[in-house]
Amino acid sequence: AMVVAMSFILSYIKIFEMPQGGTITPASLLPIMLYVVAFGPARGLVIGFAYGLLQLFQGAYVIHPAQMLLDYPMAFGALALGGIVKYIPMPKIAKLPTAIALGYFGRFVMAVLSGVIFFSAYAEGNVWIYSIVYNATYLAPDMAACIVVSLIPGFYRIVETLERR
């Protein structure tokens, strides 16, 4: 509950907001990613799904029930993909940034699918290219901010502390 609350509060600090949805925040998903790395993909899926449901209260744009599921609980649930780093032998310093990249990739896939299926009317030209470019415009900088903050020396100790709980 604590990591979901921290991420939710951070998500209200918007550095940039896209016209048809999507924001760049100051590493708002980092608390969730710390949890995902500490506890793995199964528990991370539950946390991401819960966070996605909370995001519905923060000015969600819903045009269809399936789009709502794809853009919110499923997209944030896809952050759990980063939890596989728990089981991959790699240096500790690389685990959190790798998990963030994997988690954001999962979220990106969901956003692109939603764009292609439900928001193709906004596309100018190829709907796939439009959706990929549009979603990368806000997700790539948001991911970069999250990775930069995760590289602060000693930050991985939070994961180790969570694992002991």
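Visitor: In what order do the elements of the protein chain run from the N terminus on?
Guide: From the N terminus on, they go α-β-β-α-α-α-α-α-α-α. That comes to eight helices and two strands. Helices (H or I, at least four residues) and strands (E, at least two) are DSSP runs, numbered from the N terminus.

Visitor: What kind of model is this, and how are residues numbered?
Guide: This is a predicted model, where local features need pLDDT of at least 70 and side-chain atom pairs count only at pLDDT 80 or more, while totals for chains, interfaces and linings use all residues. Residues are numbered from 1 along each chain as its sequence is written, and side-chain values use heavy atoms, with hydrogens and water left out.

Visitor: How much of the protein chain counts as buried?
Guide: 45% of the 165 residues. Buried means under 20% relative accessible area, exposed over 50%, partly exposed in between (1.4 Å probe, protein chains only).

Visitor: What about the accessible surface of the protein chain?
Guide: About 8,400 Å², and 73% of that belongs to carbon and sulfur atoms. Those areas come from the Shrake-Rupley method with a 1.4 Å probe; for residues, only the protein chains shown count as cover.

Visitor: New topic: how do the axes of helix 1 and helix 2 cross?
Guide: Helix 1 (residues 2–10) and helix 2 (residues 30–39) have axes that come within 7 Å and cross at roughly 155°. Axes are lines fitted to C-alpha atoms, for helices over the stretch in contact, and angles run from 0 to 180 degrees between N-to-C directions.

Visitor: Are helix 1 and helix 2 roughly parallel or antiparallel to each other?
Guide: Roughly antiparallel, therefore. The cut-offs: under 35 degrees is roughly parallel, over 145 roughly antiparallel, 65 to 115 roughly perpendicular, and the rest oblique.

Visitor: Which residues meet there?
Guide: Val3, Met6, Ser7 and Leu10 from helix 1 meet Pro31, Ile32 and Tyr35 from helix 2. They divide into six nonpolar, one polar and no charged. Ala, Val, Leu, Ile, Met, Phe, Trp, Tyr, Cys and Pro count as nonpolar, Asp, Glu, Lys and Arg as charged, and the others, Gly among them, as polar.

Visitor: Where is Ser28 found?
Guide: Ser28 is in the loop between strand 2 (23–24) and helix 2. Ser28 is buried, with a relative accessible area of 4%.

Visitor: What is Ser28 in contact with?
Guide: Leaving aside neighbours within four places in sequence, Ser28 contacts Ser7, Leu10, Ser11 and Tyr51. Contact means heavy atoms within 4.5 Å.

Visitor: What's the phi of Ala27?
Guide: Positive, about 60°, although Ala27 is not a glycine. Most residues other than glycine have a negative phi. Ala27 also sits in the loop between strand 2 and helix 2, and at 4% relative accessibility Ala27 counts as buried.

Visitor: You mentioned Tyr51 too; where is it found?
Guide: In helix 3. Tyr51 counts as buried at 2% relative accessibility. Not counting residues up to four places away in sequence, Tyr51 touches Val4, Ser7, Phe8, Ser11, Ser28, Leu29, Ile32 and Phe76.

Visitor: What does Gln55 touch?
Guide: Phe8, Ser11, Ala60, Tyr72 and Phe76, not counting residues up to four places away in sequence. Gln55 is found in helix 3 (residues 41–55) and counts as buried at 10% relative accessibility. Gln55 and Pro73 are 18 residues apart in sequence and 8.5 Å apart in space, C-alpha to C-alpha.

Visitor: Last one: is Trp128 buried or partly exposed?
Guide: Partly exposed, at 44% relative accessibility. Trp128 has its place in helix 7 (residues 127–150). Not counting residues up to four places away in sequence, Trp128 touches Val112, Leu113 and Val116.
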